[in-house]
Amino acid sequence: MSSPSFQESTARTVRGVVFRSPGQEVAVTDVTLAPPGPGEVEVAVAAAGVCHSDLHVLRGEWDHPTPVVMGHEGSGVVTALGDGVTGLEVGDHVVLSWVPSCGTCRFCLAGRPAACSLVAEVVAPGGVLYDGTSRLSVGGEKAHHYLGVSSFAERVVVPASGAVKVREDAPLDVIALVGCAIATGVGAVRNTAGVEAGATVAVIGCGGVGLSCVQGARLARAGRIVAVDVVPEKLELARRLGATDAVDARDGDVVEALRALVPEGLDYVFDAIGKIETTEQSIAALGQGGAAVIVGLPPAGRTARFDPLALAEADQRILGSNYGSVDAARDIPALVDLVVSGELDVESMISARRPLDDAADALADLAAGHALRQLLTMEDRT
């Protein structure tokens, strides 16, 4: 592929979902999008997934500068290139990554791009791009990027590493989920935990990430996969996607139920919710040498309890998994290949496709537990 040259572009007006402060609903409004700077690309968004991480910001459980254009999971088509961008061309189909790794920090150089320090210290907390500035404004006021993506908009500008090129025969709306739910869940199984064939696995929480953990465990050929949730329909779907057993968390003590199924304790338990009680359940259900993998993210400042002596004596581990420990450039195209081949069922995880104007209702349905993974689909007018 030849190196593209700088493509001239000017600021444009797009529709986007803007959040201003906890307690207020999001608003779909006009957003001014500046052209991509050096090392950045503009992407016309095809679809964006609605994720619980968005709710943490709306509820004030995570600090984030506002106003902010929401959304961090999505896919689309490259429409403009900033100076110096190589490896991408206008017209490429891409999945958006919310860890647009810099490639030069010590974590990136050590092969851990999901822990990129530039993203962790500048992009994510500041609501900005690499250079500490934003390409977004609303009514003349600076607006912030959410996790370097802001996919609840018709178009976005992201660092080039945050737009991962994928095959063009993959359905753009379906593969939007690869950018967060699929990468996080399957990655937690493959990269963070390294689940072995024949291992016993439990997944607590069968939302988009949890169901991706279930599918990751199936792909790893785990011997037993126990799904845990409070919604019967989610447990039924988990069985269709690979779970061998299901536990309805409304029926009693979850740890007792898991130990009734696997008396010696589990090799791996994935907390795909991030509540304190589910984290503690994940640790308590482990067997000898087991690992609790914390994938779901709780509100900031919460703490969980466990018995460190029991953990040490049983040679157990507690693993944090950020973004499934993925290398986005490597893992996202491979996951899209699995979607196209039918080995990963993403379509079954999509509970609704809605227009961008339905963003507030989609977030409310997610908060109420009425939805699995909803997609906001775009009609680019620009």
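Start with the open sheet of six strands, whose order is β13-β12-β11-β14-β15-β16 with parallel pairing; strands pair here if DSSP finds at least two bridges between them. Select β13 (245-248) and β16 (317-320) to see the edge strands, each of which pairs on one side only. Across this sheet, neighbouring strands are turned against each other by 20 degrees on average, direction ignored. Strands and helices are DSSP runs numbered from the N terminus, with helices (H or I) of at least four residues and strands (E) of at least two. The model is predicted, and local features need pLDDT of at least 70 and side-chain atom pairs pLDDT 80 or more, while totals for chains, interfaces and linings use all residues. Residues are numbered from 1 along each chain as its sequence is written, and side-chain values use heavy atoms, with hydrogens and water left out.

**Along the sheet**

Select β15 (residues 286-294) next, which runs parallel to β16 and is joined to it by four bridges; in this pairing, Ala291 stands opposite Arg317 in β16. Contact means heavy atoms within 4.5 Å, and the angles, which run from 0 to 180 degrees, are taken between N-to-C directions of lines fitted to C-alpha atoms, for helices over the stretch in contact. Helix α8 (residues 276-284) also packs on the sheet, touching β11 (200-204), β14, β15 and β16, and its direction makes about 155 degrees with that of β15.

Then move to β11 and β12, which pair in the parallel sense over five bridges, with Arg224 in β12 as the bridge partner of Thr200. Strand β12 (residues 224-229) is mostly covered, five of its six residues being buried; buried means under 20% relative accessible area, exposed over 50%, and partly exposed in between, with a 1.4 Å probe and protein chains only.

**The nonpolar cores**

Which residues have the most contacts inside the largest nonpolar core? Select Ile175, Ile182, Val195, Phe270 and Ile332, which hold that place in a core of 114 residues. A nonpolar core is a set of buried Ala, Val, Leu, Ile, Met, Phe, Trp, Tyr and Cys residues joined through side-chain atoms within 4.5 Å. The largest share of this core, seven residues, comes from α4. Centre the view on Ile175 and, leaving aside its neighbours within four places in sequence, you will find it in contact with Ser75, Val95, Val166, Ala170, Val336 and Val339. Apart from this core lies another, of 15 residues, among them Ala202, Val226, Leu266 and Val269.

**Salt bridges**

A search of the whole structure finds 20 salt bridges, each being a side-chain nitrogen of Lys or Arg within 4 Å of a carboxyl oxygen of Asp or Glu. Select Arg15 and Asp357, which form one of them with their closest N and O atoms 3.6 Å apart. Because Arg15 lies in strand β1 (residues 12-19) and Asp357 in the loop between β17 (350-355) and α11 (359-367), the pair ties together parts that are 342 residues apart in sequence. Arg15 is partly exposed at 25% relative accessible area, whereas Asp357 is exposed at 57%.

Asp169 and Arg167 form another salt bridge, with closest N and O atoms 2.7 Å apart, and Arg167 is partly exposed at 32%. In helix α6 (residues 232-241), look for Glu236 and Arg240, four residues apart or about one turn of the helix, whose side chains meet in a salt bridge of 3.9 Å, N to O. Glu236 is partly exposed at 48% relative accessibility, and Arg240 is exposed at 57%.

**Backbone details**

Most residues other than glycine have a negative phi, and most peptide bonds are trans. Select Thr66 and Pro67, where the peptide bond is cis with omega near -5 degrees; Pro67 is in the loop between α1 (52-58) and β4 (68-69). Leu147, in the loop between β8 (141-145) and β9 (155-159), has a positive phi of about 55 degrees and is buried at 14% relative accessibility. Arg221 also has a positive phi, near 65 degrees, but this residue, in the loop between α5 (208-219) and β12, is exposed at 61%.
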